[in-house]
Amino acid sequence: MDYKQLIIRGISYSQTQSGAYALLLEHEETHIKLPVVIGNFEAQSISLGLEKDIHPPRPLTHDLFTKFIVSANYELVSVIIYQIVDGVFFSNINFKSKTTEEELILDARTSDAVAMAVRFDAPIFTTQQVLNEAGILLELEDVAKEEQGFSETVQNEDNLTSLSMEELQKLLDDAVREEDYDTALEIQEEIKRRKKKID
């Protein structure tokens with residue numbers, strides 16, 4: 001089957017469901033976006049998987065499963081979002097044994113599959129049919145807003161912008177220690193924004 005590769009464009013609060021987030025995946029060639037509604041825990045786990053330099057003091061469920069896969073001498077090869085039924089996406093995680101080359105395919109929620117894919121830097125694919133059914137093509141202005149997204153929100157928060165780099169680093173360490181990952185990610189974005197300005 002001819003699969004279409006997707007990249008993660010961002011995670012934002014869901015406009016349609018309270019307490020939920022929207023994971024935005026994009027097919028780079030056509031710029032068609034695939035919005036997937038996910039829960040708070042999964043959004044946090046995907047964000048932490050993308051932010052390689054934030055390490056929780058205790059492993060999250062996806063980190064634990066990642067260690068198990070590595071210990072069993074398997075690798076995560078790819079994630080395939082193969083179907084959408086009544087607004088629910090269906091996905092497979094494809095593994096391969098490093099010793100026997102044996103393949104293992106597990107059914108998974110799309111949010112869990114993506115959370116695992118980011119930990120292995122594995123590609124995420126979908127079918128043309130899923131793109132046709134659930135994909136949206138945002139206007140260029142909307143795409144620009146989406147790409148600014150989270151970091152722009154952080155820039156507008158006076159309490160972070162008024163702090164020194166040392167204070168931000170201390171806050172980041174405290175947030176990670178207290179397992180407040182939402183705050184940790186906001187602080188991390190502010191630190192990155194400042195470093196980018198210096199560069």
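The model is predicted, so local features need pLDDT of at least 70 and side-chain atom pairs count only at pLDDT 80 or more, while totals for chains, interfaces and linings use all residues. Residues are numbered from 1 along each chain as its sequence is written, and side-chain values use heavy atoms, with hydrogens and water left out.

A nonpolar core is here a set of buried Ala, Val, Leu, Ile, Met, Phe, Trp, Tyr and Cys residues joined through side-chain atoms within 4.5 Å; buried means under 20% relative accessible area, exposed over 50%, and partly exposed in between (1.4 Å probe, protein chains only). The largest such core has 29 residues, of which L34, I81, F89 and I93 touch the most other members. At least two residues of this core come from each of β2 (21-27), β3 (32-38), α1 (40-50), β4 (74-85), β5 (88-97), α3 (110-120) and α4 (128-134). Helices (H or I, at least four residues) and strands (E, at least two) are DSSP runs, numbered from the N terminus. The most is given by α3, with six residues. Another core, of 12 residues, lies apart from this one and includes A175, L185, I187 and I191.

Leaving aside residues up to four places away in sequence, the contacts of L34 (heavy atoms within 4.5 Å) include I81, F89, V130 and L131.

Next come the aromatic rings. Rings of Phe, Tyr and Trp (its six-membered ring) pair if their centres lie within 6.5 Å; planes under 30 degrees apart count as stacked, over 60 as edge-to-face and the rest as tilted. A search of the whole structure gives four aromatic pairs. The pair F65 and F68 is stacked, because the ring centres are 6.4 Å apart and the planes stand at 10°. These two residues are three apart in helix α2 (residues 61-71), so about one helical turn separates them. F65 is partly exposed, at 32% relative accessible area, whereas F68 counts as exposed at 57%. F65 also pairs edge-to-face with F95, at 6.3 Å centre to centre and 85° between the planes. This pair links distant parts of the chain, with F65 in helix α2 and F95 in strand β5, 30 residues apart. F95 is buried, with a relative accessible area of 3%. Through ring pairs, F65, F68 and F95 are linked into a cluster.

Finally, β2 and β3 run antiparallel and are joined by seven bridges (two strands pair if DSSP finds at least two bridges between them). A22 stands opposite V37 in β3. The two strands form a hairpin with four residues between them, and H31 in the turn has a positive phi of about 65°.
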